[in-house]
Amino acid sequence: MVLLKDDEKMVIQNKKWWHEAIGYQIYPKSFQDTNNDGIGDIPGMIEHLDDLSDLGINVIWISPINLSPMVDHGYDISDYLQIDPSFGTNEEFERLIQEAEKRGIKVLMDLVINHTSSQHEWFKRAMADLDSKYADYYVIREGRGEEPPNNWRSMFGGSAWEKIPGTNKYYLHLFTVDQPDLNWENPELRQELYEIIEFWLTKGLAGFRVDAISHIKKIYDEENLPSDGPDGLVTVWENYRDALGIGEFLGELRDRVFSKQDILTIAEMDVVDPEKWEEYFGDNGYFSSIFDFYHTAYSIQGKEFANDSEKFIEFLKPLVYKKQELANDRVFFTNFIENHDLPRSLNRFIPKEEIGFHSASVLGMFYFFMRGIPVIYQGQEIGMVDYPKETIDGYIDLATHNNYQDYLLNGLSETEALAQINIENRENSRTPMQWNSQTNAGFTKGTPWFAVNPTYHGLNYQQQKEDPHSLLSFYKEMIQLRKNPIYKELLVYGRAVPGFVEASGVVTYQRKLEKQTISALCNLTNQTIAVDYDAKFEVLLNNYAELDCKTGQLTLLPYQGVILEETSSVNGK
Ligand code: GLC
Ligand code: CA
């Protein structure tokens, strides 16, 4: 236990290994192919462990690698106990865990237990015999006349119900039609899931990223509700996202499996009411941590922001600041700016013509020193960008195609719909990793499953590895600072004081622990901005060679970010 002192109160924090986690997300299909089938694989991950260790991260989260027909690229699991052969074997996965461990890296799997694939044995048996026990593993309801049981909309578009051939029954799928939702009301099903989790924990896993877990509780509507779109369907979040009663399931999951081992569990969950944070996260919560989604719905390319970085940052600031303030002494958020469901952060935060080393590095500084676990998504560390397509056929993802159809249904022309999809689709971040300037960016010698972004000639890992001034090198410096024994305790446990000085377009926060204070000032605009800063300091990190400062003021260049250690605090205190 460590005693944390602050001005008002003493806070006791149980130390956990994962408080010091610096994470890296691997999207396996696009990481590194080694057998030239065009699909990234486990040997490819093993091949790059030295690079990851060189980067400095200590936890990897791997998007699903279990057996899957890949309708949703692995988020549709047909056998939880098998590794999909396109990725490798169970033995290779165990070898990955061991090889990672040798380098001080722990491995998290993706736990997809809201739904299975329609090719899962349970579902096949359920469909073959609706009176079998497996039918009750899924959410199956009688249709109303010729209509589905109700008019819920799937999160990936269209009705959330699919008719079971030869019957008037339907099964529920909140995601694609090939991802039937599991019936968590059934204790036998829950027991099966716990055994699966235990199976993987015995292989030496350090924990899980827990997929779509806020959807496991459903409050069923017996009839149609008023529609909210031209498709006649309705999205009723309160009935299937963090729905009333979900705590019963989450509590059991914690008590029966998660809490028995010293693991890290990060929930993919948004909109949990701050009043419930302690119930959900932390020492006594259902999970260790949660991804903080405050920013993910917005893009600088949105009409409301019109590529105006100052306006965009000023809009986001109160959201960021509020979460950081509320999280102090309470929960460890998992902070991130990219994942496999989002366009690249540079395209979402920075106007296109301003994307470059300074904007990319300051964007990293903006979230990396906040209180919580920082996670980097593959390719973010070299500044990979979106790859817009010329026709909708350039995309594979079903959700992307459904969204496109929805836009057409809502009256957009094909050109308008494609333009919108290019900005917001989640496959933007799924292009193969750009390792070097050779064929297919060194990702594969075969035909890549998804087109490589042609930017790789000038933007790749190898080039940046050799350049001490590259974004990759800057990420390494950020990680080294977080791990530096002099600052580690402060950067892990120190309180966050967001917005300690006000300047439009500039994100500022401090981290404080006992007598130590570190200040982050990140100018996320293309303007030179003077900021009041009345303290003596040392520069710990700067994405420019110089810092212009005179008494009481710092002048930040366009997209300049600095991390300063105060040697005497603001107001001389
Ligand atoms: C999560 C995943 C997403 C997937 C969905 C269904 O949101 O991040 O990629 O499609 O769950 O499993
Ligand atoms: Ca392969």
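Predicted model: local features only at pLDDT ≥ 70, side-chain atom pairs only at ≥ 80, totals over all residues.

My entries follow, grouped by topic.

**Entry: the five-stranded sheet**

I looked up the strand order here. Five strands make an open sheet, and they run in the order β16-β17-β18-β23-β20. The pairing in this sheet is antiparallel. I then asked which strands stand at the edges. They are β16 (495-498) and β20 (536-542). Each has a single partner strand, so one side of each has no neighbour in the sheet.

Strand β17 covers residues 506-513, and strand β18 covers residues 516-523. How many bridges join β17 to β18? I found eight, and the two strands run antiparallel. In that pairing, Val506 stands opposite Asn523 in β18.

**Entry: helices on that sheet**

I checked what packs on these strands. Helix α9 (residues 309-327) lies across β16 and β17. Its direction runs at about 15° to β17. Helix α11 packs on the sheet as well, where it touches β17, β18, β20 and β23 (561-568). The direction of α11 makes about 40° with that of β17.

**Entry: α11 with α15**

I stayed with α11 and looked up a helix partner. Helix α11 (residues 357-368) packs with helix α15 (residues 471-483) at an angle of about 20°. Their axes are 10 Å apart. Angles under 35 degrees count as roughly parallel, so α11 and α15 are roughly parallel to each other. The crossing of α11 past α15 is right-handed.

Which residues of α11 meet α15? I listed Phe357, Ala360, Ser361, Gly364, Met365, Tyr367 and Phe368. On the α15 side I wrote down Leu471, Phe474, Tyr475, Met478, Ile479 and Arg482. By class, this contact has 10 nonpolar, two polar and one charged residues.

**Entry: α5 with α7**

I turned to another helix pair. Helix α5 (residues 187-201) and helix α7 (residues 246-256) pack at about 40°, and their axes lie 11 Å apart. The two helices are therefore oblique to each other. Their crossing is right-handed.

From α5, the contact takes in Arg190, Gln191, Tyr194, Ile197 and Glu198. From α7, I found Phe249, Glu252, Leu253 and Arg256. I sorted the α5 and α7 contact by class too: four nonpolar, one polar and four charged residues.

**Entry: α12 with α13**

One more helix pair went into the notebook. Helix α12 (residues 398-409) packs against helix α13 (residues 414-424) at an angle of about 140°. The axes of this pair are 9 Å apart. Are they parallel or oblique? The angle makes α12 oblique to α13. The crossing of α12 past α13 is right-handed.

I listed the contact residues of both helices. Helix α12 gives Thr400, Asn403, Tyr404, Tyr407 and Leu408. Helix α13 gives Glu414, Ala417, Leu418, Gln420, Ile421 and Glu424. The class count for α12 with α13 is six nonpolar, three polar and two charged residues.

**Entry: the three-stranded sheet**

Back to strands. Three of them form an open sheet in the order β8-β10-β9, with antiparallel pairing. At the edges are β8 (140-142) and β9 (161-163), and each pairs on one side only. From one strand to the next, the twist averages 35°.

I looked at β9 and its partner in detail. Three bridges join β9 to strand β10 (residues 169-172), and these strands run antiparallel. Trp161 stands opposite Leu172 in β10.

**Entry: salt bridges**

How many salt bridges are there? The count comes to 32. I picked one to follow. Asp50 and Arg103 meet through their side chains in a salt bridge, at 2.6 Å from N to O. This pair links distant parts of the chain, 53 residues apart. Asp50 sits in helix α2 (residues 49-55). Arg103 sits in the loop between α3 (90-102) and β7 (106-111). Side chains of opposite charge can pair when their charged atoms come close.

Definitions and conventions. Residues numbered from 1 in each chain as written. Chains lettered and ligands numbered in written order. Heavy atoms only, no water. Axes fitted to C-alpha atoms, helices over the stretch in contact; angles between N-to-C directions. Helix = DSSP H or I, 4+ residues; strand = E, 2+ residues; numbered from the N terminus. Parallel < 35°, antiparallel > 145°, perpendicular 65-115°, else oblique. Left-handed = near helix turned anticlockwise from the far one by under 90°. Contact = heavy atoms within 4.5 Å. Nonpolar A, V, L, I, M, F, W, Y, C, P; charged D, E, K, R; others polar. Pairing = 2+ DSSP bridges. Salt bridge = Lys/Arg side-chain N within 4 Å of Asp/Glu carboxyl O.
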